[in-house]
Structure formats: structure tokens, C-alpha cells
Amino acid sequence: MAEEVILLDFWSSPFGMRVRIALAEKGVEYEEREENLNNKSPLLLKMNPVHKQIPVLIHNGRPVCESMIIVQYIDDVWNDRAPLLPSDPYQRADARFWADYVDKKIYNIGKLVWISEGAVQKAAKRELLGCFKLLEKELGDKCFFGGDRLNIVDVALVPFYSWFYALEACGNFSIVAECPHLVAWAKRCMERPSVSKSLPDQYKVYTHLLELRREHVARLGAQLQAQQAQ
Amino acid sequence: MAEKGEVKLLGAWPSPFVMRPRIALNLKSIEYDFIEETMQPKSDLLLKSNPVYKKIPVLLHHDKPICESLIIVQYIDEVWSSGPSILPSDPYDRAIQRFWAAYIDDKWFPSLSGIAKAQGEEAKAAAIEQVREGLALLEEAFGKCSQGKDFFGGENIGYLDIALGCYLGWLRVSEKMNSVKLLDEAKTPGLTAWADKFCAHDAVKGVMPETDKLMEFAKIIMARFQAAAAAATPAK
């Protein structure tokens, strides 16, 4: 049966990147559809009515939502190649734990680094570096979190490498100085076409995040003015 | 099957998260030692077994720790694969159950906790409405997943039943403390019938705490919470 695979995506989304990497690792052909997040398509709203967010994988007409759930779905369906999870149950649980840790921490804390300032930003930087160092410890001297191949932890985490320039510029710190092993791991990942073709240019991401920060500051300013007028 | 001492679970009776692996182990007929955590202070075993979060539940299998309730449930399903399946075998069905379990943990349970935290009548009413909206979504999901059978998992309890069902004790406490009906035969008939069957299931009834006992515990927690908030407020 001919497979129809569509990915509703947005170029700068780390969550979208996870799905791109997983599909590329499995060699699955798909149609990528870029969403305008300020004007979401009827298809997106129909396929993800609960969260109305990308990424959404539409496989033979049926939607799968939430990036790490999509990644595990891709691994389950195309299970004859490039496994993203080991076969041993204990190692699987360990990989799921660390992928979940990345999911709980990196986006929210990283965002505070590029969007906020002052004490909030300082605390976020400290926390983010703490998370990166813990992940470095977990990586140890393995090539990838999955050993000699990518696993769901690599897939969950490496998209945030596209944020590194923005994090360093906004936060005024050097990630490679603090976490050299993590940066080395990210560069090894980038040697794989599945990763390098899925991540946008770091400078392009930086200008985009600066724009989001400008909009955020403008919104806060407008809210403050409205409160003061009351 | 498991040998004596092979499987231990660190937990506490009021925790819905701890209930999840207990139900899973019961479904697989696996005997385990339940080690009740005092939590104040946290035991050395807990701190050593879960250094990242320092939270319960932690499953210890041959003394190797597995953390995070739904990850533990998946582990139990994969290790004791000859017992009844907890996750469905079809990849799409698995994705759907994982989606709703994530929704329940990330959005719905926080909205339930929001009722207790709401200050004032208006905020409380808004919080209750949010919980009901979530239940309406879950009612629809139940219809699709159960396909007319008793549980989200079909004829038997599965992953999504465990993910949602563990919160039923706390849901009933919320209903009693606020004199509201959250599960309603008229608005959520499927979930209302499901809740009774879930709580009556052999794998569940021994580990679901009694509502009254939970309510006493909730009052102690809230008193502690309010005392801490009062202590933190600077004197005028």
C-alpha cells in the first residue's frame, strides 16, 4: 500500500525538528507543509483540535500529535530499520527517562534565557547549564546517547543545538566553555545528514528569536500600560 | 513470575502516581514489596534511587531503579510480556493512548489541582469549568478508544485506564470538598460507568485509597500549605 506521510511543521520549531530527524533516520519520504502560526490552517486545526500545535504527522490520513509521541510512533511503524530505542526493557526505560527529562526542562528553561533578562535570565542560565552538565554525565564517553547510533534522547535534544548561538548571544555566556562534551556530541550529530538537513542555520534562528522577544516585550509593555491606566 | 525480593516499589498510599505501577504489577500478577516512603524526610534509598527528581514512585527490579510512573508502567508491560498486555499492539492505538495520557498529566490533572488552589468563588467556578471541559474531551476519547467495551483498553484495563483512573480518588475528594459533580451521568455517561468498573477491578480495588481517608489527608496537606503561605507573607 502506498504510504502517505505529511508533516505539518514550522521551520524553527525544535519539536518539528525531532520528527524530521526521525523520519530521515528511517528513510521515510514525506510531504512537509509549513504552517503560518499566526494563521493556522484548517487542516492543522482539524488534525490537532486539542492543542492546535505543530508538529502533526498525518499518516494515511490519520493524525499523530506531540513530538515525542510521533517519534515513538515512527519507531513502532518503521520498525525494520534504524531503531531509535534499544531492545532491552531496562535500557528502553532509561532512554525514555532521559528523553522525558529533556522534554520537561530544555525548552522552558532555554526560552527564559533568550526571552527574559536580569535575575530571571541569570537563574535560567544557571539552571540550563546544570541540565546540560547532567546530560553530559549521562552521555559519558559514548558517541551518541544511543551508543553508536541515534536514540530518542539524541533526537529529543539535538534540535536545541539550533538555539545555541541565540542562547549565547542573549545570555552572554559560552556553552562550549561550560559543556565541551555536549557541544562535541552535537557536532557529531550534525555530521549525519538526518540531523544537518533537519536543523536550520543558528543565525537565522537567532534573528527569529530576537523578533519573538521584541513581540513579547511589546506585549508586556502594553499589559503594564493597561494595568496602570486602571 | 517474580522471585521474592526481586521487585520493590517505593511509594506512598495517597499518591495517584504510585497507584499506576501497582495496578500494572497486579495486572501481571507480580508480587512485590511495597516500601512506604515517609517523604518527610526523604529516605536515603529514595535519594539514591531517584537522584534527578527525588520523587516517588520508584520501581526497583533486581535493585535497579526505574523512575517516572508511566515509564515504569511501560517497563512492567515489556518485562512481563507473557501477562495481559497493558499497551495496545497497534502503533496508532499506542500513539492515541500516549497522547491522552500526556494530556491528562500535562493539562487535566493540573486543572483538577487548580480547584483547590483557586482563591475566591469566581476563580473556583472557572477552575471547575476547566476540569469539566477536559472531562468532555476525555468522554469523547473514551467513546473512540473503548469501542463500546468497558475500558479505554477494550475488554480489559490498559495504559490509558491506568493513566486516568489513578486520579479518581482525588477527583472524588474534589467533588466532596466543593459539593460539585465533576463526573456526571448526564454529561459524561461513558466515563461515569467506566469509573465504577475501574474502581471495582481486581487489580485496582486493593490500591485505590478510600475517599474519606484521602480527604483527611488532603485537609492536612492544605493546612500545611496555608501555614507555609502565611509564614511567607511579610507582617504588615
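Chain B of this predicted model has an average pLDDT of 94, and 98% of its residues score at least 70; pLDDT is the predictor's confidence in each residue, on a scale from 0 to 100. For the complex, the predictor gives an ipTM of 0.95 and a pTM of 0.95. Because the model is predicted, local features need a pLDDT of at least 70 and side-chain atom pairs count only at pLDDT 80 or more, while totals for chains, interfaces and linings use all residues; side-chain values use heavy atoms, with hydrogens and water left out. Residues are numbered from 1 along each chain as its sequence is written, and chains are lettered from A and ligands numbered from 1 in the order in which they are written.

The overall build of chain B comes next. Its secondary structure consists of 10 helices and 4 strands. Helices (H or I, at least four residues) and strands (E, at least two) are DSSP runs, numbered from the N terminus. Read from the N terminus, the order in chain B is β-α-β-α-β-β-α-α-α-α-α-α-α-α.

The C-alpha atoms of chain B fill a box of roughly 60 × 45 × 30 Å along the principal axes. The radius of gyration of chain B is 18 Å, which agrees with a compact globule, because a globule of 236 residues would have a value near 18 Å. The radius is taken over C-alpha atoms, and the globule rule is 2.2 Å times the number of residues to the power 0.38.

Of the 236 residues of chain B, 49% count as buried. Buried means under 20% relative accessible area, exposed means over 50%, and partly exposed is in between (1.4 Å probe, protein chains only). Contact means heavy atoms within 4.5 Å. Among contacts in chain B between residues at least 6 apart in sequence, 67% join residues at least 24 apart.

In chain A, one residue to look at is A:A22, in helix α1 (residues 14-26). A:A22 counts as buried because its relative accessibility is 0%. Leaving aside residues up to four places away in sequence, A:A22 touches A:V71, A:I74 and A:L84. A:A22 and A:D75 are 53 residues apart in sequence, and their C-alpha atoms are 7.8 Å apart in space.

Some backbone details remain. Most residues other than glycine have a negative phi, and most peptide bonds are trans. The bond from A:I54 to A:P55 is cis, with omega near 0 degrees, and A:P55 is in the loop between α2 (42-47) and β3 (56-59) of chain A.

A:N60 is not a glycine, yet has a positive phi of about 50 degrees. This residue lies in the loop between β3 and β4 (62-65) of chain A. A:N60 counts as partly exposed because its relative accessibility is 30%. B:K54, also not a glycine, has a positive phi near 60 degrees. B:K54 lies in the loop between α2 and β3 of chain B, and its relative accessible area of 36% makes B:K54 partly exposed.
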